[in-house]
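This report describes one protein chain for a reader who has not seen it before. The text below goes with the sequence and the model.

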Amino acid sequence: MNRQNCEYVVIGGGVSGLATAWYLRKAGRDVRLLEKNPAVGGCMRTLRQDGFLLEQGPFNVLVRDPAFEQLLGDLGDDIEVEPAGPDAKMRYLYLGGRLVPLPSGPASLLTSRFLSASGKIRLLAEPICARRPKSDDPTVGDFATRHFGAEFAQNVLGALVTGVFGGDVDRLSLKACFPSLARLDREHRSLFLHGLSVPFRRIGKPKKPRRRWKGLINFVGGLGAMSDAIARGLGDGVTTNCEVTSVERRGDGYCVAYNASGVSRSLDTRHVVLATPIGQAIGLLKTMADEPAGKIAESLASVESVPLVILNLGFRREDIGHDLKGFGFLVPPKEEGLSFLGVLWASSIFPSHAPPDRHLLRVFVGGAKRPELARKNDDELVALAMDELRDLLELRGDPVLVNSCRYANAVPQYYPGHTEIVRCIRTQLSSIPNLHLVGNYLEGVSINDCVRQARETVEKMAALPAEAAARSGG
Ligand SMILES: Cc1cc2nc3c(=O)[nH]c(=O)nc-3n(C[C@H](O)[C@H](O)[C@H](O)COP(=O)(O)OP(=O)(O)OC[C@H]3O[C@@H](n4cnc5c(N)ncnc54)[C@H](O)[C@@H]3O)c2cc1C
């Protein structure tokens with residue numbers, strides 16, 4: 001076995017690991033990132049094929065966290081932001097066999113058919129009907145039903161939650177999935193009345209600084225361009241084709257064993273950051289043969305994930321009759337008419353993702369609603385898509401491009417009790433010197449959340465100098 005030494009080893013080169021390594025490098029630390037696959041990015045990868053840009057995992061980032069904005073600022077000219085086109089604001093729900101626009105403001109709330117008349121009355125009666133939570137860890141569905149009524153909870157929040165977590169609105173924890181909503185839910189009986197008072201409470205307060213990037217973005221070349229830009233910045237600190245097989249404690253440090261293109265090697269390091277998906281993190285924690293690490297692995301084993309398939313379908317423009325003006329549509333969980341979770345009109349949101357004479361659709365398959373569909377092969381899924389979408393989108397010809405990306409464990413599901421699991425994990429971690437965890441199974445699944453957790457982890461390691469931490473909004 002070959003031996004080398006370094007201060008920090010980050011295991012896993014998805015956005016969580018890349019951002020952690022980036023902040024460590026920024027803090028002047030000696031860091032090595034080891035990635036199993038031939039390329040970095042994890043699920044944040046983009047494939048180019050026949051003039052299409054095919055996102056293999058995430059499709060866009062909603063810029064909302066200072067850590068993410070800072071990272072974009074750091075990457076500077078090495079990456080070019082592509083904002084979503086103006087049509088992307090228009091979103092639809094699939095209801096009763098039709099596409100119904102989601103209201104874009106108070107006036108369209110009354111005219112849109114996204115709710116029945118009684119559903120709208122219940123929504124508007126929130127100040128009278130809303131109730132405080134009975135449990136201290138309610139589900140997202142319970143929250144939405146108490147405030148806005150059962151129809152809104154299922155049709156609107158149910159569909160949105162499917163879009164983000166692929167999950168079940170009646171099982172996901174509000175506190176873990178949407179912590180700021182949970183805080184409002186605890187503190188205010190009516191969210192409408194609270195919302196009305198917000199502008200008055202802002203009077204006299206300093207204005208928030210103008211944000212450089214707002215809303216939904218991607219990058220020229222796709223989201224994979226961001227993974228590649230970070231990896232370029234890390235230079236020879238990144239090793240790909242390198243699967244870590246075990247992590248062994250050596251005093252306050254660690255010996256990390258890995259397989260690099262078939263050759264067994266190891267590295268002695270002071271700190272280890274596990275930035276793999278949850279399943280591989282459990283596996284590596286078990287190799288440590290250490291009691292608190294074993295307990296963390298046990299706690300993590302109780303976090304379920306749902307399977308997802310992303311089916312990218314390219315069409316000739318003339319073969320789709322629908323104008324596809326908008327973001328696409330989501331399917332509420334109780335809608336029987338469609339097997340899919342939703343369909344994004346990818347080339348309407350980011351026109352650069354398809355040649356000018358083509359459309360690109362991105363179909364979400366599986367999730368908590370229909371996990372068994374994620375096991376169907378591409379031919380079966382394409383046949384199902386053509387059958388179910390033909391009339392809805394006026395499809396007149398077969399796809400000219402089919403690309404699928406499959407995830408057996410796509411998105412971790414935060415059920416009630418998740419924040420307690422994370423608290424216990426943090427307690428156990430504090431008794432293991434110099435071991436750190438980052439990833440989408442802890443406190444947020446979005447790319448923003450992964451970058452924020454990476455920055456917070458580096459700050460806790462006291463590795464970010466005060467100046468860098470302050471500028472990053474920490
Ligand atoms: C289909 C899909 C769509 C999504 N859409 C969006 C979206 O539109 N917007 C959004 O904000 N978020 C979205 N998300 C969520 C977000 O993309 C993920 O939560 C995030 O990218 C996870 O990043 P990660 O680095 O934690 O994990 P991963 O991306 O899974 O990266 C982990 C890395 O660890 C490596 N690894 C594993 N084991 C080892 C080992 N033993 N040794 C070395 N390396 C190892 C893997 O090869 C991988 O590269 C989506 C997720 C999925 C799956």
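Two strands pair if DSSP finds at least two bridges between them. Strands (E, at least two residues) and helices (H or I, at least four) are DSSP runs, numbered from the N terminus. The model is predicted: local features need pLDDT of at least 70, side-chain atom pairs count only at pLDDT 80 or more, and totals for chains, interfaces and linings use all residues. Residues are numbered from 1 along each chain as its sequence is written.

**Overall form.** The chain contains 18 helices and 19 strands. Its C-alpha trace spans about 70 × 50 × 40 Å along the principal axes. The radius of gyration, taken over C-alpha atoms, is compared with a globule rule of 2.2 Å times the number of residues to the power 0.38. For 474 residues a compact globule would have a value near 23 Å, and the chain, at 23 Å, agrees. Contacts are pairs of residues whose C-beta atoms, placed from the backbone, lie within 7 Å. Among contacts with a separation of 6 or more, 71% join residues 24 or more positions apart.

**Burial and cores.** A residue is buried if 20 or more other C-beta atoms lie within 10 Å of its own, exposed if 12 or fewer, and partly exposed in between. By this count 45% of the 474 residues are buried. A nonpolar core is a set of buried Ala, Val, Leu, Ile, Met, Phe, Trp, Tyr and Cys residues joined through C-beta atoms within 7 Å. The largest such core has 64 residues, and V10, I11, A19, V272 and V451 have the most contacts inside it. Helix α1 (residues 15-26) gives the largest share of this core, seven residues. A second, separate core has 62 residues, including L308, I310, V331 and V411.

**Strand β14.** Of the 12 residues of β14 (residues 305-316), 11 are buried, so this strand is largely enclosed by the rest of the structure. β14 runs antiparallel to β18 (residues 401-412), with nine bridges joining them. It also pairs with β17 (residues 358-366) in the antiparallel sense over nine bridges. L313 has V402 as its bridge partner in β18 and L361 as its bridge partner in β17.

Most residues other than glycine have a negative phi.

| Residue | Phi | Loop between |
|---|---|---|
| N241 | about 55 degrees | β10 (238-239) and β11 (242-250) |

D50 is exposed, with 12 other C-beta atoms within 10 Å, and N241 counts as partly exposed, with 15.

Notes
Contact = placed C-beta atoms within 7 Å.
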